[in-house]
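The structure is shown below.

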Amino acid sequence: MGRTINKAGQPPFAEPESPIDARSQPFAAHLEAEYDSLLPPLHLNRRGFLVTSLAAGFAAAAGPVAAQTAIKTEASGLTAGQVRIPVEGGSIPAYRAMPEGEGGAPVILVIQEIFGVHEYIQDVCRRLAREGYMAIAPEMFVRQGDPARYTEISRLFSEVVSKVPDEQVMADLDATVAWAGQNGGNVNRLGITGFCWGGRVVWLYAAHNPRLKAGVAWYGRLAGDKNELQPQQPVDVVKDINAPVLGLYGEQDTGIPLDNVKAMQAALAKGSDAAKASEIVVYPDAPHAFHADYRPSYRSEPAQDGWKRTLAWFDQHLS
């Protein structure tokens with residue numbers, strides 16, 4: 001059952017690799033056929049792809065980088081870099097990191113903030129890869145605009161983020177999972193984590209994909225206005241959640257009221273079995289984006305505790 005716990009406290013471009021080595025081809029072929037049979041058909045409106053490669057460095061719109069706290073995870077010993085994911089109408093760039101020379105690693109989708117798949121999100125992928133996962137972060141805004149070109153959050157949100165349909169996001173994530181299954185990942189052990197904008201996506205994808213085993217949502221929006229592009233919010237889909245989700249929230253988050261968090265907890269308690277197995281942790285002194293180590297919002301204690309909980313959650317549900 002959901003509950004609140006108060007606790008104190010750029011890689012070079014790389015072309016896609018050949019699918020996988022000969023040792024894991026039978027494994028990959030089995031997973032590919034199994035997973036492709038479950039993918040829903042895509043029905044997206046075709047439009048130009050406005051982003052062809054990932055950002056180098058940190059997003060300008062996020063503000064000056066807090067160099068003293070920004071974490072840098074080396075790629076040595078990892079297979080890490082940009083890949084391309086086939087989707088309807090073309091392909092989208094993604095950052096993939098996984099242990100070097102290993103096939104069959106559990107897969108974790110990493111979903112960006114509004115700033116795109118910049119250095120922070122890429123580093124999160126490398127951190128997860130060092131824990132034995134294939135972590136892959138697809139750029140979700142390719143049809144709407146390039147977040148790396150923006151310097152103002154308000155313009156980025158109004159001109160790009162607000163125009164991204166949930167249907168497009170779900171379909172691109174399904175395509176990313178299919179790609180992972182064809183390229184050395186074990187999609188029978190599938191997880192997802194996301195931050196801010198991506199935190200909301202975690203809840204929605206948990207209700208969308210029956211193959212998902214676990215999710216971790218970092219301060220993702222839970223309720224609010226709905227429209228044609230975003231017809232549901234996480235609190236509306238708890239009855240359909242397929243995998244337990246760990247939600248990590250800050251009590252000082254001015255954009256996500258505690259009333260929303262409490263409403264989500266109450267809904268989880270009445271939702272699916274996976275919803276009832278979900279958990280929400282609230283950190284008393286944490287603002288929004290408390291895990292973003294490159295920003296002034298970073299709070300080391302809740303960020304580190306949340307990361308430990310994240311790894312334990314995935315270890316529990318993806319083992």
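Ring pairs join Phe58, Tyr120, Phe195, Trp218, Tyr219, Tyr283, Phe290 and Tyr294 into a cluster. Two rings of Phe, Tyr or Trp (its six-membered ring) pair if their centres lie within 6.5 Å, and the pair is stacked with planes under 30 degrees apart, edge-to-face over 60 and tilted for the rest. The model is predicted, with local features needing pLDDT of at least 70 and side-chain atom pairs counting only at pLDDT 80 or more, whereas totals for chains, interfaces and linings use all residues. Residues are numbered from 1 along each chain as its sequence is written, and side-chain values use heavy atoms, with hydrogens and water left out.

A search of the whole structure gives 10 aromatic pairs. In one of them, the ring centres of Tyr219 and Phe290 are 5.1 Å apart and the planes meet at 65°, so this pair is edge-to-face. It links distant parts of the chain, 71 residues apart: Tyr219 sits in the loop between strand S6 (214–218) and strand S7 (245–250), and Phe290 in the loop between strand S8 (279–283) and helix H8 (300–318). Helices (H or I, at least four residues) and strands (E, at least two) are DSSP runs numbered from the N terminus. Tyr219 is buried at 1% relative accessible area, and Phe290 is buried at 0%. Here buried means under 20% relative accessible area, exposed over 50% and partly exposed in between (1.4 Å probe, protein chains only). Phe290 also forms an edge-to-face pair with Tyr283, at 5.5 Å centre to centre and 65° between the planes; both of these residues are buried.

The largest nonpolar core holds 96 residues, and Val110, Trp197 and Trp203 have the most contacts inside it. Such a core is a set of buried Ala, Val, Leu, Ile, Met, Phe, Trp, Tyr and Cys residues joined through side-chain atoms within 4.5 Å. Helix H5 (residues 197–208) gives the largest share of this core, eight residues. Leaving aside neighbours within four places in sequence, Trp197 is in contact (heavy atoms within 4.5 Å) with residues including Ile111, Met140, Phe141 and Val169.

Thr176 lies in helix H4 (residues 166–182) and is buried at 0% relative accessibility. With neighbours within four places in sequence set aside, Thr176 is in contact with Ile85, Leu109, Ile136 and Pro138.

The two pockets compare as follows. A pocket is an open set of points on a 1 Å grid over the protein atoms alone, where a 1.4 Å probe fits, with protein on both sides within 12 Å along at least five of seven lines; lining residues have an atom within 4 Å of a point. Points are joined across faces, edges and corners, and the volume is the space filled by probe spheres set on them. Ala, Val, Leu, Ile, Met, Phe, Trp, Tyr, Cys and Pro count as nonpolar, Asp, Glu, Lys and Arg as charged, and the others, Gly among them, as polar.

| Pocket | Volume | Lining |
|---|---|---|
| Largest pocket | about 410 Å³ | 10 nonpolar, six polar and five charged residues |
| Second largest pocket | about 260 Å³ | seven nonpolar, two polar and four charged residues |

Of the 21 residues lining the largest pocket, Phe157, Val161, Trp197, Arg200 and Arg221 are the closest to its centre. H4 and H5 each supply at least two residues of that lining.

Ala60, in the loop between helix H1 (25–36) and strand S1 (78–87), is partly exposed at 44% relative accessibility.
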